[in-house]
Each structure stands twice: as structure tokens, then as C-alpha cells.
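The sequence and the model are shown first, and a description follows.

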Amino acid sequence: MTRAGSGNFGAGFRDVKLVSVHPYEMIGGHVVIETDDGALLLDTGAPTSVGPAELHISGRVFRLRPCYGYVTPAYLSREIRTRIDGLLGVDVLREFVLCLDPNRQLASFASEVAELPVAVPIDLVAGVPVMEVSVGNKVIRAFFDTGAALSYLSPELTVETPAVGRREDFYPGLGTFETDVFDLETQIGPERLRLTYGHLPHALQRSLMRTSTKGIVGSELLESFVCALSLKDRELRLLRIDR
């Protein structure tokens with residue numbers, strides 16, 4: 001499952017110094033990485049990792065909590081309806097450059113990464129990446145959260161947009177919920193794409209507002225871009241892909 005060394009990592013990753021590479025699957029919009037320690041849910045919106053007592057990545061050992069509030073591997077397995085052995089949050093991810101290649105469905109934990117053509121600055125809120133995006137004609141701050149199968153917006157940003165349907169999602173601690181969804185043009189840096197947004201439950205929406213953010217960009221971004229996230233350098237780099 002794990003490969004280490006240097007070399008090419010798909011389109012846009014020439015001359016990358018790789019530390020380790022792992023296959024991943026998209027399961028219900030969730031990024032599940034297969035490692036020697038089991039199946040890990042990748043969640044750039046989670047401040048704390050949980051799972052096996054010891055997690056081995058790139059020759060390093062991380063000691064994880066068995067739970068974080070309501071979040072346990074058993075809970076995640078029930079909600080996502082697949083085996084989940086742990087959750088990989090930003091406390092571990094900040095030690096690497098996380099590279100995701102959707103064409104090959106490979107995730108790497110790198111020491112450095114070649115420059116991709118689009119550089120998006122990020123801030124960190126409790127260690128979680130936040131970036132500026134344009135939705136419609138409004139510029140907002142949004143979390144980049146690979147743990148979110150849907151993207152989300154504050155309800156006031158969708159009042160003039162008709163819903164295109166309803167979707168089910170879940171949030172740790174609150175469980176499964178349904179939301180109206182909205183298809184909106186979005187700009188991240190110079191890149192334009194359409195994302196599907198929902199509304200968070202009221203309690204989570206209030207928490208979002210307290211951080212001066214108005215939205216969440218979820219894992220749907222991986223349908224259009226190779227991504228390289230460096231929390232240390234506070235930068236997300238993108239390369240548009242053809243599907």
C-alpha cells in the first residue's frame with residue numbers, strides 16, 4: 001500500500017521529493033486513504049486525528065487519540081457505511097505537503113512539491129485551512145474541508161438561487177441531515193468551476209459565522225483539480241485536470 005522515494009507523481013508533480021504514496025478511494029464524496037495502519041478518512045477540517053494508537057507515515061510515528069468527542073472509527077464507519085480505521089486531521093497533515101492526484105487516485109505525504117500553476121493563499125483557523133473564494137459576485141472566506149462531501153454556504157448567499165434538489169450528508173456529533181442544494185459558479189484564484197452547495201444545520205452555521213467564514217469548499221474540488229496543500233507554507237496549489 002505504501003511506496004516511498006522520489007519521482008513523478010502524476011501530472012503536475014514532476015521532480016517532487018516524495019516521502020510516501022498511498023492509494024485512496026472516493027466513497028460517498030469522502031476521501032478514504034489506504035495505509036499500512038488501515039483505512040483513514042482524510043479530513044482537512046478536523047483539528048485532531050483519531051484512530052490506531054500509532055500511525056506510521058513516511059517513517060514517522062504519530063500517537064493518536066482513540067476518540068475526539070463523538071468521533072471514533074466505529075462512528076465514522078457507521079455514518080460513511082464503509083470500514084474506517086481512523087481520521088486524519090490537520091495535527092498530522094501540518095507535518096507534510098499533502099498531494100492529491102484524482103486521476104491516479106493517489107495521495108502523497110511529501111517533504112516538498114513542485115509548483116503547480118495556481119497558488120491560492122490560505123489562512124489557518126484552529127489549524128484548519130481557510131481561503132478566499134468568489135461565489136456569484138461575492139467574495140467570501142471559506143474553509144477547505146476534504147471531510148465534507150458537500151460544499152456549504154451561509155443561507156443569505158443563496159436566497160436568489162433556486163434549489164436544484166436535496167442531498168443527505170452527516171457531520172460528526174450531529175449525525176445525518178438533509179439540505180437543499182444549490183449549483184453556483186465559484187472562482188478560486190483565477191480558476192472557475194461550478195460547485196454544489198448546501199446549508200449547514202443551524203448550530204454549525206452559527207459556529208461558522210463566529211470564525212468570519214461564510215462557507216466550506218468540500219471534496220468536490222477534487223473532481224476538477226490536482227491539489228497540493230501545505231499548511232506550513234499556508235498555500236493551496238491547483239492544477240486543472242481533464243476527466
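## A term needed at the outset

A salt bridge is here a side-chain nitrogen of Lys or Arg within 4 Å of a carboxyl oxygen of Asp or Glu. The structure to which the term is applied is a predicted model.

By this rule, 15 salt bridges are counted. One of them joins the side chains of Glu-185 and Arg-194, with an N to O distance of 4.0 Å. Salt bridges with shared partners connect Asp-183, Glu-185, Arg-192 and Arg-194 in one network.

## Overall form

The protein chain contains three helices and 19 strands. Its C-alpha trace spans about 50 × 40 × 30 Å along the principal axes. For 243 residues, a compact globule would have a radius of gyration near 18 Å, and the value of 17 Å for the protein chain agrees with this.

Buried residues account for 53% of the 243 residues. Of the contacts between residues at least 6 apart in sequence, 59% join residues at least 24 apart.

## Surface and charge

The protein chain exposes about 11,200 Å², of which carbon and sulfur atoms supply 47%.

## Salt bridges between separate parts of the chain

Glu-34 and Arg-83 form a salt bridge in which the closest N and O atoms are 3.8 Å apart. Glu-34 belongs to strand β2 (residues 30–35), while Arg-83 lies in the loop between α1 (73–80) and β6 (86–88); the pair therefore ties together parts that are 49 residues apart in sequence. Arg-83 has a relative accessibility of 48% and so counts as partly exposed.

A further salt bridge links the side chains of Glu-95 and Arg-60, at 3.2 Å from N to O. Because Glu-95 is in the loop between α2 (90–93) and β7 (97–101) and Arg-60 is in strand β5 (residues 60–63), this pair ties together parts that are 35 residues apart in sequence.

Notes:
Residues numbered from 1 in each chain as written. Predicted model: local features only at pLDDT ≥ 70, side-chain atom pairs only at ≥ 80, totals over all residues. Heavy atoms only, no water. Helix = DSSP H or I, 4+ residues; strand = E, 2+ residues; numbered from the N terminus. Rg over C-alpha atoms; globule rule 2.2 N^0.38 Å. Buried < 20%, exposed > 50% of the residue type's maximum accessible area, 1.4 Å probe, protein only. Contact = heavy atoms within 4.5 Å. Areas by Shrake-Rupley, 256 points an atom, 1.4 Å probe, with all protein chains shown as cover.
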